[in-house]
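The structure is shown first, and the description follows.

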Amino acid sequence: MKQQHSLSSFSFFLLLLHCANTFAQSPAATPAQAPAAVVAQPPAATPTQAAQPHGITNVTKILEKAGHFTIFIRLLRSTQEENHLFSALNDSSSGVTIFAPTDSAFSELKSGTLNTLSDGDKSELVKFHVVPTFLSTSQFQTVSNPLGTWAGTGSRLPLNVTSYPNSVNITTGLTNTSLSGTVYTDNQLAIYKIEKVLLPKDIFASKAPAPAPVAPAPAKPTKAVPAATVESPVAPVDISSALMFAHNNVVGSVGIVAAAMFAL
């Protein structure tokens with residue numbers, strides 16, 4: 001009985017030893033992998049959410065940096081043409097050319113001129129300084145006159161340019177000036193400085209003072225017609241006695257001559 005118990009204990013020991021060896025030879029358990037982090041994708045931008053594109057040129061900031069364009073900047077903002085320019089430079093592939101009058105150019109206008117303009121006239125005045133295409137200084141040699149502007153075209157809105165070797169002249173029919181410098185230029189926007197405000201006929205020709213009425217020419221004095229002379233009737237003259245006297249004298253003279261001849 002004691003011998004069987006020892007045998008059972010030895011068998012149990014062998015079983016434990018076998019289990020230990022088996023556990024030691026089994027590969028190590030692979031650690032559980034953490035679930036992959038899910039990165040949330042931002043929603044696709046809708047047209048109303050699209051951010052403004054970078055690199056769009058800000059015309060008013062360029063003019064502010066250049067200086068001496070305070071009045072023109074104020075007009076760009078008050079007429080909302082600043083926003084129009086931003087949209088044009090963002091959407092248009094043809095570019096924009098701006099003729100920017102300096103503050104001294106506006107000071108040459110008659111005092112109170114801008115104050116007499118309606119909002120529509122102010123907007124048209126600003127648009128008259130904007131050409132809806134990019135023009136380098138060399139391209140002024142080949143452009144066709146009259147130039148079209150944002151204000152329009154036609155006989156009431158003429159804008160003509162003449163290029164010379166060292167200058168570019170601009171005329172509107174009321175203004176005659178030249179480009180006095182380049183404020184900014186790239187392949188999309190050109191801003192040129194001018195020393196006179198470009199006045200369109202459509203606004204300012206109708207506001208010119210009416211000419212003074214011409215005084216009527218003095219009437220030419222009429223020559224007095226002399227009164228007709230009425231001759232008094234002449235009383236008839238009886239000449240029969242005179243004729244008789246003359247006849248008697250002639251007869252008497254003839255008789256005397258004849259007597260004298262016979263005497264001889």
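## Aromatic cluster, sheet and cores

F99, F140 and Y192 form one aromatic cluster in this model, which is predicted.

| Pair | Centre to centre | Angle between the planes | Geometry |
|---|---|---|---|
| F99 and F140 | 6.3 Å | 35 degrees | tilted |
| F140 and Y192 | 5.7 Å | 65 degrees | edge-to-face |

Because F99 belongs to strand 1 while F140 sits in the loop between strand 2 and strand 3, their pair ties together parts that are 41 residues apart in sequence. F99 and F140 are both buried, the relative accessible area of F140 being 2%, and Y192 is buried with a relative accessible area of 2%.

What is the strand order of the sheet? The sheet is open, has 6 strands in the order 2-1-6-5-4-3, and shows mixed pairing. Its edges are strand 2 (130-131) and strand 3 (160-164), each of which pairs on one side only. In general, the strands of a sheet pair through backbone hydrogen bonds, either parallel or antiparallel. Strand 3 pairs with strand 4 (residues 167-171) in the antiparallel sense over 5 bridges, and S163 stands opposite V168 of strand 4. Helix 2 (residues 59-66) lies across strand 1 (96-101), strand 5 (176-185) and strand 6 (189-194), and runs at about 40 degrees to strand 6.

The largest nonpolar core has 30 residues, and those with the most contacts inside it are V59, L63, V96 and I98. The elements that give two or more residues to this core include helix 2, helix 4 (81-91), strand 1, helix 6 (119-127), strand 6 and helix 7 (201-204), while helix 3 gives the most, with 5 residues. The surroundings of V96 can be listed as well: leaving aside its neighbours within four places in sequence, V96 is in contact with L85, A88, L89, V130, V131, T133, F134, W150, Q188, L189 and A190. A second, separate core of 17 residues includes F99, F128, F134 and I194.

In helix 6, the residues S123, E124, L125 and V126 are buried, and what covers the buried residues of this helix includes helix 3, helix 4, strand 2 and helix 7.

A105 and H68 are 37 residues apart in sequence, and their C-alpha atoms are 9.9 Å apart in space.

Terms used. Residues are numbered from 1 along each chain as its sequence is written. This is a predicted model: local features need pLDDT of at least 70, side-chain atom pairs count only at pLDDT 80 or more; totals for chains, interfaces and linings use all residues. Side-chain values use heavy atoms; hydrogens and water are left out. Two strands pair if DSSP finds at least two bridges between them. Helices (H or I, at least four residues) and strands (E, at least two) are DSSP runs, numbered from the N terminus. Contact means heavy atoms within 4.5 Å. Axes are lines fitted to C-alpha atoms, for helices over the stretch in contact, and angles run from 0 to 180 degrees between N-to-C directions. Rings of Phe, Tyr and Trp (its six-membered ring) pair if their centres lie within 6.5 Å; planes under 30 degrees apart count as stacked, over 60 as edge-to-face and the rest as tilted. Buried means under 20% relative accessible area, exposed over 50%, partly exposed in between (1.4 Å probe, protein chains only). A nonpolar core is a set of buried Ala, Val, Leu, Ile, Met, Phe, Trp, Tyr and Cys residues joined through side-chain atoms within 4.5 Å.
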